[in-house]
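Work through the following exercises with the coordinates at hand. Each task is followed by a solution in steps.

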Amino acid sequence: MRWQGAEYYKNAGPSNATFHQSAYSVVDLMAQYAFTPDTSVSLNLNNALDETYYTAIGSRGWYGTPRNLTATLVHAF
């Protein structure tokens, strides 16, 4: 779990706007299973609650990554 407190940015851009973002939390989950000592699979669910947030605020801000799932299969030779 990641938590970010509220933040603001004053006098941004050509219109001298003030940007504000409330506090938010992002929850990531991970599970792993070993089929054999050499083979395992893992699942990562990022932003499990699909929280909408900005990675930065001010003159340039991008939305944070939406909910996504990654599966990884590993085999050691």
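**Exercise 1. Find the residues that Gly-58 touches, leaving out those up to four places away in sequence, and classify its accessibility.**

Step 1. Gly-58 touches Tyr-9, Ala-12 and Phe-19, where contact means heavy atoms within 4.5 Å.

Step 2. Gly-58 lies in the loop between β6 and β7; strands are DSSP runs of E with at least two residues, numbered from the N terminus.

Step 3. The relative accessibility of Gly-58 is 8%, so Gly-58 counts as buried. The classes are buried under 20% relative accessible area, exposed over 50% and partly exposed in between, with a 1.4 Å probe and protein chains only.

Step 4. Between the C-alpha atoms of Gly-58 and Tyr-8 the separation is 7.9 Å, although the two residues are 50 residues apart along the chain.

Before going on, note the conventions. The model is predicted, so local features need pLDDT of at least 70 and side-chain atom pairs count only at pLDDT 80 or more, while totals for chains, interfaces and linings use all residues. Residues are numbered from 1 along each chain as its sequence is written, and side-chain values use heavy atoms, with hydrogens and water left out.

**Exercise 2. Describe the stacking of Tyr-24 and Tyr-53.**

Step 1. A search of the whole structure gives 3 aromatic pairs. Rings of Phe, Tyr and Trp (its six-membered ring) pair if their centres lie within 6.5 Å; planes under 30 degrees apart are stacked, over 60 edge-to-face, and the rest tilted.

Step 2. For Tyr-24 and Tyr-53 the ring centres are 4.6 Å apart and the planes are at 20 degrees, so the pair is stacked.

Step 3. Tyr-24 is in strand β4 and Tyr-53 in the loop between β6 and β7 (68–75), so the pair ties together parts 29 residues apart in sequence.

Step 4. Tyr-24 is buried at 13% relative accessible area, and Tyr-53 is buried at 9%.

Step 5. Tyr-54 and Tyr-63 also form a stacked pair, 4.8 Å centre to centre with 20 degrees between the planes. Here Tyr-54 is partly exposed at 33% and Tyr-63 is exposed at 56%.

**Exercise 3. Locate the salt bridge of the structure.**

Step 1. The criterion is a side-chain nitrogen of Lys or Arg within 4 Å of a carboxyl oxygen of Asp or Glu.

Step 2. Asp-28 and Arg-2 form a salt bridge at 3.3 Å, N to O. Asp-28 is in the loop between β4 (24–26) and β5 (29–34), and Arg-2 is in strand β1 (residues 2–4), 26 residues apart.

Step 3. Asp-28 is partly exposed at 32%, and Arg-2 is partly exposed at 45%.

Key. Helices (H or I, at least four residues) and strands (E, at least two) are DSSP runs, numbered from the N terminus.
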